[in-house]
Amino acid sequence: MELTKSEQEMLEGKHGEGVALAMKVQVATGEAFGAARMVPITRAHVALSNQDADTWFAEKLAKAGAKCKIAPTVNPGFSLAYFCGHCQSQQAMTAKDIDMMRRTHNAYKQLGAILTYNCTPYLGSNIPQFKEIIGFSESSATPYVNSVWGARSNRESSLSALCAAITGLVPEYGLLLDENRKGDILVEVQADMDNDFAYQMLGYMGKKIGPGIPVFIGLTKRPTPEALMNLGAQLNTSGAYGMYHIVGVTPEAPTVEVAFGDKEPARKVVITNQDLREIRDAISHAPGRIDYALFGCPHFSINQIQQVANLVQGKKLAVDLWIMTSANNKYLAERMGIKEIINAAGGDIVEETCTDQPCWHFLKGKVGITDSPKLAYYPKKRGLEFVIRDIDTCVQAALKGEVE
Amino acid sequence: MKDKFLCHKLSEGVVEGEVLISQDDICYYLVDPETGNVIENGHDIEGQSVSQKIVVFPSGKGSSVVQADGLYQLLMKNNAPKAMVIKNPDTVLVTSGIIMEVPMVDKVEEQFYQRIKNGDIVRVDANNGEIIVVRN
């Protein structure tokens, strides 16, 4: 890889140990993928996770004196303010769990990150322009910024996105280059895509779709932002996708021919209603009694919070219901009177929190219900189980305490 | 049949170990750090341990966070794979391997896949871009 004089100096430690470490990781990555050079970025998003590797790496960089050249927005860990006031949750956490969140917060604060603690930056706090070169991590974020906004980011890991934020650079390869943004797989969707939940299931078809950039056809009704958020989140739970095209919807796919760059698809896949039903049943816990409902992986939008409020208005929930969202959306919900409706029914809105965090350990061994396969997938490791259904069915189940 | 196969370095290092083949993509977060056992339901190598193995699989999968954390936790318990031999590199897995210093290669000559089976001993030399079958 050809480095400029100043990049070489960064690598050699003239800008401090932290910058040198970040640069070393990026140069090795560039060499692995055959990049010719480094290019500057103008935005970054780091999928902070408050997990061991995340805190270890952020602290290592902070201790080495690194500061972000491009201040990134960040994902959530869990809200200390919310959960330290939640008796059951606090009892199920160890002192180490609580200390870890403080450490993560302090490390990112010292690195100069923008502490948004929200995993849907592409819907508000960090929206790139067409063709803007950026360094984004977070499953749902990378496909959204590439596919929907037409910006250019590789599918950075949370750690490599942090390196990019520190150096202000990324190696130039993969989705940064025109020729690598063309479709590989033609995915003909025959299933009825009549709600946002269908996009969760479509995204979870990664094993059938296979590696490469999918080009979806047959999505005749314009998908909502939430549907596209779901699609990206689930594609990167069932597989590894930096980008997709939807013909007639996403900016680099006005036609099938343009989406494929005039080459033939390497594979053709058909997705039917039966595929979506089968995948739902394969990943969902068996229906029956449920103990709680949990939403917001990725963080719920204000429209989704409104949808839940409409369903519970004037009713009483039989089990607990939580919605995870950004601090902004929680504030909006409060201002709009939606939070009051949800609280009156017995549910609550939780700000700046991810599912895959120790604050939910008090739910271990119970069965929840959710609309997101991603939400259900990762906390398996923590002993949490979920029935997976669309939002309406989830809320009806939470009102009754069971699901058919 | 030959014993030496060319490949391409993704993450540096030279190691020797026992082969474990997975037909499915791997997310290291759904591997138990205490044993190295894959705990993902329905996975091709569900219940088998990646600990200290040369894991041969198509690709990584999963969120931008969990590959690194999964590998980190396995490393802390000495149950990480010794090396990874993959077909389709993605940035998340490759950067996690680089940061966690687990050797990783791709673009292995096709005959390698016909030659090896579980339990074979191979030497992965990422630095020189070659894999040598030591014993099978």
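Reader: Which residues lie nearest the centre of the second largest pocket?

Author: In this predicted model, the second largest pocket has a lining of 20 residues. Both chain A and chain B are represented among those nearest its centre, which are A:Asp52, A:Asp97, A:His361, A:Arg382 and B:Gln73.

Reader: From which domains of chain A does the lining of the second largest pocket draw at least three residues each?

Author: The UniProt annotation "domain: Phosphomevalonate dehydratase large subunit-like", from an unreviewed entry, covers residues 1-396 of chain A. Over that stretch the chain is 41% helix and 13% strand. The domains that each supply at least three residues to the pocket lining are domain 1 (5-178) and domain 3 (285-403).

Reader: What is the volume of the largest cavity?

Author: The structure contains three cavities of 30 Å³ or more. The largest cavity is lined by 24 residues, and those closest to its centre are A:Asn75, A:Glu138, A:Cys354, A:Asp356 and A:Lys374. Its volume is about 260 Å³.

Reader: How many charged residues are in the lining of the largest cavity?

Author: This lining draws at least three residues from each of domain 1 (5-178) and domain 3 (285-403) of chain A. By class, 10 of the lining residues are nonpolar and 11 are polar. The charged residues number three.

Reader: Which element gives the most to the lining of the second largest cavity?

Author: The second largest cavity has a volume of about 50 Å³, and its lining includes A:Val25, A:Gln26, A:Thr29, B:Thr91 and B:Thr95. Elements that give two or more residues to this lining are α2 (17-32), α8 (158-167) and β5 (169-171) of chain A, together with α2 (91-100) of chain B. With three residues, the element that gives the most is α2(A).

Reader: How many polar residues does the lining of the second largest cavity have?

Author: Among the residues of this lining are A:Glu156, A:Ser160 and A:Tyr173. By class, one residue of the lining is charged and five are nonpolar. The polar residues number five.

How values were computed: Residues numbered from 1 in each chain as written. Chains lettered and ligands numbered in written order. Predicted model: local features only at pLDDT ≥ 70, side-chain atom pairs only at ≥ 80, totals over all residues. Heavy atoms only, no water. 1 Å grid on protein atoms, 1.4 Å probe; cavity = no way out; pocket = protein on both sides within 12 Å on 5 of 7 lines; lining within 4 Å. Domains from an automatic or database assignment. UniProt positions renumbered as here; feature names shortened; annotations may be inferred. Helix = DSSP H or I, 4+ residues; strand = E, 2+ residues; numbered from the N terminus. Points joined across faces, edges and corners; volume = space filled by probe spheres on them. Nonpolar A, V, L, I, M, F, W, Y, C, P; charged D, E, K, R; others polar.
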